Amino acid sequence: MQFSSVLRINPFARLLLFYLSGIVLASKTDVHASLWIWITGLSLMVSLCLLIFISYRPLFQTDRNTGIITCLIFILAGFLSYNIYNVNSEKLKQSSGLKYTVMMQINEPVSETEKSVKCIAGIKRIYNGEEKNRRKQKILVYFAKDSLAKQLRPGDKLICRIKLSEIPVPVNPDEFDYSRYLATKNVFNQTFVPSSSWHLLPNRTLSMRALSYHFRQTLLDKYSKTNLNPALLSILSAITLGYKSELDLHTRQVFSKAGVMHVMALSGFNVAVIAFAVNYLLFFFSRINHGSLIKAVLVILFIWLFAFITGLSPSVTRASLMISLVLTGKEMHRKLNVTNILYASAFILLAFSPALIYDLSFQLSFAAVFGIIIFQPALNHLMHFRIKIVEKIWQLFTVSLAAQFATMPLTLYYFHQFPVYFWITNLYVVPLVSVIICAAGVFLLVSFINPLMVLTGKILAFLVTTLYKSIIIIEIMPFAVVENIRINSLQLMLMLFILMLIALFIFYRRAAYVIITLCVIVLLQISGLINIYKINHQQILLVGHIKNTSVINLTEGRNSLLFTSYSLKDDNQKIKYSLGNFWVRRGISDHKIRHEHLPVHNIIFSFADKKIEILNTQRIPDKPEHADVLIITGKVSADSNLISIISPGMVVTDCSVPEYKARRWESICKKTETPCWIVSKQGAWYIENKGNIKDRQHQFLAGLLMERVLCNQSL
């Protein structure tokens, strides 16, 4: 099969490729979006006119010129759509810093944090004196935690006084970018609302989305009658309704390490099971005229109702769209091309929301389906069995293997781990989850009949308990997961390129693709060796950002020494969130990190070819001295004499320094023309010295430093 033939039967592959190229190009272009809208829009109009002009023939035919112009049009369309999205976000960001009296409506269910209640709300009106201006905008709202805030529901309307601020960007290197995640939902600003600054209006309005959340909450309330414990109830809610707010960290880790987190994410698999079950229940429509069409319409309506109730996540939307296109094609008696349908669904979703390209669930969902479509048939043909049940098990195994193979580069890059026993767990988890989804549907249907509800509830509880206990057995098995896997962006692209080459080989069966694949694998190995060398010879001094605490991290090779305040000594979750990705991306395993509290006395030491002084107490040296970096911690008062005597090359104040004292240090540094970095305001600060470790003795510097500090010695 020629490459042109493959593109001919998959026309959306070309359209998607060039449209994606335009989106990625726009996202990497650091120019004001409104300027590019005019330029791209004009270029797009000229290209369309040119295409019409050169294609005007008695019989519409295409040639190389029309193909090139068509590709250019879709690149410009992707570029334009992303910039239109981006210019809207720029306008919304300009609202930050302003104070408003607004009427807002709660869009999503509220969730509790440690000190507040948060949710996403929509601004409906802005009150300026007697004027009422409409400015539709979604914002992230933090309410002061109280009983009234906890009772807010989707659809509630409030009058409140707010001050908008931008969603903060990550303050530590490689930290999770929450602002980018919210940007995919068109949320760019946030606000904190005290208890005395908002008033609940009596006229509650149930929008379509609020109605869907209300309906989902009704179904969740019915689940509570199964008498499951909170952990198992949260699993059932996640699998069937996509409600993951109650999932605790331990449960997420158990499913992730067992390699079956996809069933918790309400993926396309869950939607496919529901579509199959509904289609089976409507079998009687096949016996009447036009019954097949009626059944297809009902199935499509049901899966989109389910998608709407679960919040229209990218994976569920993709699955619903694909199933809708497949059923429509069957009713039109067209030959189905599932690969082209996959490309078409991706194109349609990105046309409506180009920022989805950076959504992780979108990437994983399409990668998994692509792997199943391309790799599963080839894997399935490797072995054949005469026994039907064995053949079904083999098919299930190859589906799991293909999906895991296609998503592996993304999971390694984002999650830094690989579940070893995924092929075992998916063999029984996939059928068991299918039964649970069907049983949950029956339970909800008979929930108004008490005897049947009790019976089906017990069956459902037994199934969920069996699922959880069986996954725990896999999770505690030795070598269940390989953790702390580090790949960079280049390695990610090389691994994706290898997947594409393997797919091409499956289509063409040409030795050239095998040779190219082997060459790319060699490049991948070389890149890995270079990274290992860099990791073994790295020296990094990091002053991290965790609110109101000191975080000083020394990294040398694969060893790391972490100094923190006493208050943070046992808060491993907060430390992991702030610095976990930083350590993983630099090849540092958890068992290589030595965590100690920051000593109460001052420390002077050499690190990364620089002289470092950590100032914990008020001290004026007896004689002049020099430090390349002076790190101020705690409540050390700003002193110009100290700066003049030590004459530091750089002053860094960490987050334990009160804001007013940090400003004084900044003022003194400005007068003495000394560079100053305020971690609480500017984010984490670090220096990195690559490749300067001359012998293995330096690998133990961090350990020696720590031992001497504990002995109350200054270096």
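Five strands make up an open sheet of mixed pairing, in the order β16-β17-β18-β19-β20, where strands are DSSP runs of E of at least two residues and helices are runs of H or I of at least four, both numbered from the N terminus. Two strands are taken as paired if DSSP finds at least two bridges between them. The edges are held by β16 (603–607) and β20 (676–678); each has a single partner strand, so one side of each is left without a neighbour in the sheet. On average, neighbouring strands of this sheet are turned by 20° against each other, direction ignored, with axes fitted as lines to C-alpha atoms (for helices, over the stretch in contact) and angles running from 0 to 180 degrees between N-to-C directions.

The model is predicted: local features need pLDDT of at least 70 and side-chain atom pairs count only at pLDDT 80 or more, while totals for chains, interfaces and linings use all residues. Residues are numbered from 1 along each chain as its sequence is written, and side-chain values use heavy atoms, with hydrogens and water left out.

Helix α22 (residues 659–671) lies across β18 (629–632), β19 (651–653) and β20, and runs at about 165° to β20.

Elsewhere, helix α15 (residues 388–415) contains S400. Is S400 buried or exposed? S400 counts as buried because its relative accessibility is 9%, the limits being under 20% for buried and over 50% for exposed, with partly exposed in between (1.4 Å probe, protein chains only).

Note on methods. Contact = heavy atoms within 4.5 Å.
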